[in-house]
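Please keep the sequence and the model in view while reading.

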Amino acid sequence: MPDKIQPDKIQKALTIFRSGKNCAQAVLTAFSDDLEFEDDFALAISSGFGGGMGRLQETCGAVTGSFMVLGICNKMKYTDDDSRKENTYAMIQEFNRQFISMHKTNSCSVLLGIDLKTETGRQMMAERKLSEFVCERCIADAVRIVEDLTS
């Protein structure tokens with residue numbers, strides 16, 4: 001996909017995120033047109049992956065949303081399961097390598113440095129504007145990496 005498309009997908013992802021959806025929803029939905037499904041479907045599939053998967057603060061939602069995109073892209077590209085799986089695994093490993101080289105981790109808890117499972121943590125998230133300074137950067141970088149891997 002050409003570079004000129006990236007800002008549109010990034011903007012779509014950030015608009016979705018700023019509307020109150022989670023990072024995984026933002027990334028997956030940014031690609032819904034390419035993946036040939038409705039935004040509502042993307043939002044539903046990825047609804048539990050924010051906050052590092054249900055606020056467990058494991059793998060960043062922007063990362064898990066990207067993994068979903070890569071899997072669906074390979075489903076559309078490969079007809080046999082072995083090729084689909086192997087190519088998806090390779091793309092996920094490369095995505096993860098690039099994301100970690102940019103952010104030093106793919107862990108939501110490490111990226112944010114707070115506990116989202118507590119009211120205090122969620123207040124700190126808002127006070128420190130972590131959604132803007134951390135999450136939005138992770139979302140934009142995730143969209144860029146996926147675009148590069150799928151082009």
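At what angle do the axes of helix H2 and H6 cross, and within what distance do they come?

## Basis of the model

This is a predicted model, in which local features need pLDDT of at least 70 and side-chain atom pairs count only at pLDDT 80 or more, while totals for chains, interfaces and linings use all residues. Residues are numbered from 1 along each chain as its sequence is written, and side-chain values use heavy atoms, with hydrogens and water left out.

The average pLDDT of the chain (the predictor's confidence in each residue, from 0 to 100) is 94, and 95% of the residues score at least 70. Contact means heavy atoms within 4.5 Å.

## H2 against H6

The axes of helix H2 (residues 23-30) and H6 cross at roughly 30° and come within 7 Å. H2 is therefore roughly parallel to H6. Angles under 35 degrees count as roughly parallel, over 145 as roughly antiparallel, 65 to 115 as roughly perpendicular and the rest as oblique; they run from 0 to 180 degrees between N-to-C directions, and axes are lines fitted to C-alpha atoms, for helices over the stretch in contact. Helices are DSSP runs (H or I, at least four residues), numbered from the N terminus.

On the H2 side, Cys23, Ala24, Val27 and Leu28 take part, meeting H6 residues that include Gly61, Thr64, Met68 and Ile72. This contact of H2 with H6 holds eight nonpolar, four polar and no charged residues. Ala, Val, Leu, Ile, Met, Phe, Trp, Tyr, Cys and Pro count as nonpolar, Asp, Glu, Lys and Arg as charged, and the others, Gly among them, as polar.

## H6 against H7

Helix H6 (residues 61-77) and helix H7 (residues 81-103) have axes that come within 9 Å and cross at roughly 150°, so the two are roughly antiparallel to each other. Among the contact residues are Val63, Phe67 and Leu70 of H6, and Met91, Ile92 and Phe95 of H7. By class, seven residues of the contact of H6 with H7 are nonpolar, six polar and two charged.

## An aromatic pair

Three aromatic pairs are counted, with rings of Phe, Tyr and Trp (its six-membered ring) pairing if their centres lie within 6.5 Å; planes under 30 degrees apart count as stacked, over 60 as edge-to-face and the rest as tilted. The ring centres of Phe67 and Phe95 are 5.8 Å apart and the planes stand at 80°, so this pair is edge-to-face. Phe67 lies in helix H6 and Phe95 in helix H7, 28 residues apart, and the pair thus links distant parts of the chain.

## H7 against H10

H7 packs with helix H10 (residues 130-150) at an angle of about 140°, the axes being 10 Å apart. H7 is therefore oblique to H10. The contact includes Phe95, Phe99 and Met102 of H7 and Ala142, Ile145 and Leu149 of H10.
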